[in-house]
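Hi,

Here is the structure I promised to pass on. Have a look at it first, and then read my notes below.

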Amino acid sequence: MNRLILNKIILLLSTLSAVIGIGFLFWILATLSYKGITSIHWATFTKDLVDGGIRNLLVGQFTMALMATFVAVPVGMMAGIYLREYGHGSKLASIIRNLSDVMMSAPSIVIGVFVYALLVDPFGSYNGWAGAVALAIMMIPIIISTTDNMLALVPTELREAGMALGGSKHKIILQIVVRAAKVGITTGILLSFARIIGETAPLLFTSANNQFFTMDLGDQFPSLTVSIYNLATYPDEASRELAWAASFILTMIVLTINLLGRFVIRNKK
Amino acid sequence: MTKNNLVMELKNFSFTYAGATKPSLKKINLPIEENKITAMIGPSGCGKSTLLRSMNRIHDLYPGNSYEGKINLYRADGSKQNILDLKKENDFIRLRQEVGMIFQKPTPFPMSIFDNVAYGLRLAGIKNRSELEGRVEKALKGAAIWDETKERLGESALGMSGGQQQRLCIARAVALKPRVLLFDEPTSALDPISTGAIEELIAEIKSEVSVVIVTHNMQQASRLSDYTAFMYLGDLAEFDKTEKIFLNPKEKLTEDYITGRFG
């Protein structure tokens, strides 16, 4: 009898906890959707920040995130391949793996400060390159870790089977092992992209922000997240409305990429 | 048994895993006859897989193992080579084209059925499309899955059943026309029907390739093989014609094992 009562109490408590957690999540989403959707107009997408829209911000944010991806994917994947396929078990590999894990939890503002000292201060102005580099630094350890873990899931027999057919190590890795881990690695890249597209701290004093449309990465570069931060602090209603709209759109972007990642897993497996 | 019937021969072969103090295989002497099936049986941990994996030096994927003695490979042209002398990656590649391997679990590559079979051929430098197609078809026919696969050569090999995948792996290995094929418990992950198909296949391909098979299944060894090696604790306890081993073994240990008294 006691066990049944205890079971009911635990069940009640854990259900309650789940409801509290999910409740807050839905509260956030509901507020965001309500305030966001009512603040979105056609002009939000067609005009630049200077005219009360976010067109240049979206383009700027994606430009920096995509550039970061182009740098981080090859570097991260090659490092991951090294860790799992070449350096496995070596001292150097375990040091790199640990450092990469530390990097993954490094406060993003610290990465921003570091890139500021490296690429902003010496050149005398905020610039888009610095923003892209800061995002790439955030992304690399995530991709290293995903690649490393996904390659670890590829059965050893597959490598041996490739070798047994007369393959050299690098061919087996590139043509079989990485291909076998393709779905996992792709998903990891998508999720890490979703992670950096919503980052503010690494951009605050690297790319900073730009009210006007520009593709000149040597200049201050438009950023959606930094704009949300700025707009939310302005006193006028129009700015705050735009901040809500931008927040909602950013959330939708991140959500879409995340769902896409899950979709890839479900369909390719 | 005359010397020129042999395709491989192990002489005083010892093997020690990286970091181990004692050898896992101790002074093994074992002849592998051409176009025959040699089965290796013995309780788990006796070293039969270790021995098999030495014969195409797949152990060398992992550093630090040490070999002693000789494993001679006799080529069709009559030349012989001690495969333990090989050092360079290119030599290993050539060895593995001559001595292929089939694993316990089917190991289809994440690519189409055609590309799976063509993979080894492409590695061996065959680029000509019509030659590739011819050899792939011949290999698939040789592995008795041509009828099941000819309509779906472009589909992923991962969609096949376990038994089909294993036959595909055999086709893939046969396509290279190796001298020897090493089978490491090729049916232990398969159902009885697939097992039957694989056994039939192995019996058929022995006219073209010499076979060494590690198995835990005594019936399989007795049904399939011409010679049987019984291994125990890293020693080759007994080696003889299969009928002899199963009907009238010399060693008490062999008899106890095959009658199921231990192991």
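From the N terminus on, chain A runs α-α-α-α-α-α-α-α-α-α-α-α: twelve helices and zero strands. Bear in mind that this is a predicted model. The C-alpha atoms of chain A fill a box of roughly 70 × 70 × 30 Å along the principal axes. Of the 269 residues in chain A, 41% are buried. If you take the contacts in chain A with a separation of 6 or more, 74% of them link residues 24 or more positions apart.

Helix α3(A), residues 55–86, packs against helix α11(A), residues 224–233, at an angle of about 135°, and the axes are 8 Å apart. That angle makes α3(A) oblique to α11(A). Where do the two helices meet? On the α3(A) side you'll find L57(A), L58(A) and Q61(A), and on the α11(A) side L224(A), T225(A) and S227(A). By class, this contact has three nonpolar, three polar and no charged residues.

Now for how the two chains touch. Chain A puts 15 residues into the contact and chain B puts in 21 residues. On the chain A side, the elements giving two or more residues are α7(A) (156–164) and α8(A) (169–180). The largest share, seven residues, comes from α7(A). Sorted by class, the chain A side has seven nonpolar, three polar and five charged residues.

Which of its residues are buried? They are R135(B), V136(B), A139(B) and L140(B). Seen down the helix axis, the buried residues of α4(B) fall within an arc of 130°, so they line one face. As a reminder, an α-helix has 3.6 residues a turn, so residues three or four places apart point the same way. The buried residues of α4(B) pack against α3(B) (113–123), α5(B) (146–149) and α6(B) (162–174). On the face turned away from that buried side sit the exposed residues S130(B), E131(B) and G134(B). Just after α4(B), A144(B) takes a positive phi of about 60°.

That's what I have so far.

Cheers

Technical notes
Residues numbered from 1 in each chain as written. Chains lettered and ligands numbered in written order. Predicted model: local features only at pLDDT ≥ 70, side-chain atom pairs only at ≥ 80, totals over all residues. Contact = placed C-beta atoms within 7 Å. Helix = DSSP H or I, 4+ residues; strand = E, 2+ residues; numbered from the N terminus. Nonpolar A, V, L, I, M, F, W, Y, C, P; charged D, E, K, R; others polar. Axes fitted to C-alpha atoms, helices over the stretch in contact; angles between N-to-C directions. Parallel < 35°, antiparallel > 145°, perpendicular 65-115°, else oblique. Buried ≥ 20, exposed ≤ 12 C-beta atoms within 10 Å, placed from the backbone. Arc of directions from axis to C-beta.
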